[in-house]
Amino acid sequence: MHLTLEFAGGAELLFGKQKTHPVDLPESQTPWTIRTLLVWMRDNLLRERPELFIQGDSVRPGILVLVNDTDWELLDGLNYQLKENDNILFVSTLHGG
Amino acid sequence: MPSATCVSCQGQRPAALVRPKTSEPYCKVCFFEAFEREIHETIVKEQLFKPGETIAVAASGGKDSTVLAHVLKLLNERHSYGLKLVLLSIDEGITGYRDDSLETVKRNQQQYDLPLIILTYKELYGWSMDEIVKAVGRKNNCTFCGVFRRQALDRGAMKLSVNKIATGHNADDIAETILMNILRGDIARLKRCTSIITGDESDENEGSVIPRCKPLKYAYEKEIVLYAFYKRLDYFSTECLYSPNAYRGNIRTYIKDLERLRPSSIIDIIHSGEQVLVKQTAKMPVQR
């Protein structure tokens, strides 16, 4: 499944300073959700300091998640089922203003 | 999971976010309208400005001050506040952090078409933050930097002949400060930190400093970030090199966890902090 992952607000520093990452997730028996995407990201994409991005099975509090420009809280959060060509944006708010 | 209909326009437009303040779904247009209107209401209710005043917006290039500059300019025009706005930036001399963020402020100056003045610690005090940290080590750096910066803002404001300074402190910042002061037992600071205006003539202790105010006091950090994102506002976002050791970091983590459980916690902490009254007989901590 092809997705575009985007990072902003400093989150990109944890992913090789790259703001946009096109990814292709392998076929899976169970549908991909944000929960399983995060696990895949931790294993395949996170360059350093996983604890700054992931806490438990979710993102660290202070990191906002938008799916196709929509707040993930409107879309079932971690359980949202990813669709082909979805754009997932992770914006960190954890920095000075 | 909240329904996907904007509570404000009742489904005229698809909901795009859940506002942490109210836990209600909003579409982008209604969110912009509510966000801007609430700041306007804060400004009016707390009488932050008077027509004809010159206001220095403390600008770091970060998310809060960028949104503050954008919204103040917009509201000034929309509601005819009659204010003259200028951008005031302080360069503490932190390589890899402040030098980059100042580039953003310079772009903001172009984008918002506002005058900009930049003052540096080196000019004012003879030391940059990098030099200070090298001399004293990586401890309590934020404490010194905060004090120097506040004084630098005052000096800059006097140079520009402004009447007030507006800073971008948001609801999360103020909730953090309240908790920090409670945990440290600093009741003197606790009393001051919930004031939306500090340093005006009525406060004898403040002496002749320039009054400063926090128009974003009740705006959630999440909403500031989303506003900036949806409006494609240009801001700089990196953690200061010297901040990881700061005590505030622990409080921030705690507040973020609380917000996840109950989003209204942040505003609730501010309201509680505002209600705290210190007994006349209580001994105030001595400033060390």
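Here is a walk through the aromatic rings of this predicted model. Residues are numbered from 1 along each chain as its sequence is written, and chains are lettered from A in the order in which they are written. Local features need pLDDT of at least 70 and side-chain atom pairs count only at pLDDT 80 or more, with side-chain values using heavy atoms and leaving out hydrogens and water.

Let's start with the pairs. Rings of Phe, Tyr and Trp (its six-membered ring) pair if their centres lie within 6.5 Å, and planes under 30 degrees apart are stacked, over 60 edge-to-face, and the rest tilted. That gives 15 aromatic pairs over all chains. Take Phe32(B) and Tyr227(B): their ring centres sit 5.5 Å apart with the planes at 85°, so this pair is edge-to-face. Phe32(B) belongs to helix H1 (residues 28-45) of chain B and Tyr227(B) to helix H9 (residues 221-230) of chain B, so the pair ties together parts 195 residues apart in sequence. Helices here are DSSP runs (H or I, at least four residues), numbered from the N terminus.

Now for a local pair. Tyr121(B) and Tyr125(B) are four residues apart in helix H4 (residues 121-125) of chain B, about one turn of the helix. Tyr121(B) is buried at 0% relative accessible area, while Tyr125(B), at 23%, is partly exposed.

Over in chain A, Phe7(A), Phe15(A), Phe53(A) and Phe90(A) form one aromatic cluster.

Terms used:
Helices (H or I, at least four residues) and strands (E, at least two) are DSSP runs, numbered from the N terminus. Buried means under 20% relative accessible area, exposed over 50%, partly exposed in between (1.4 Å probe, protein chains only).
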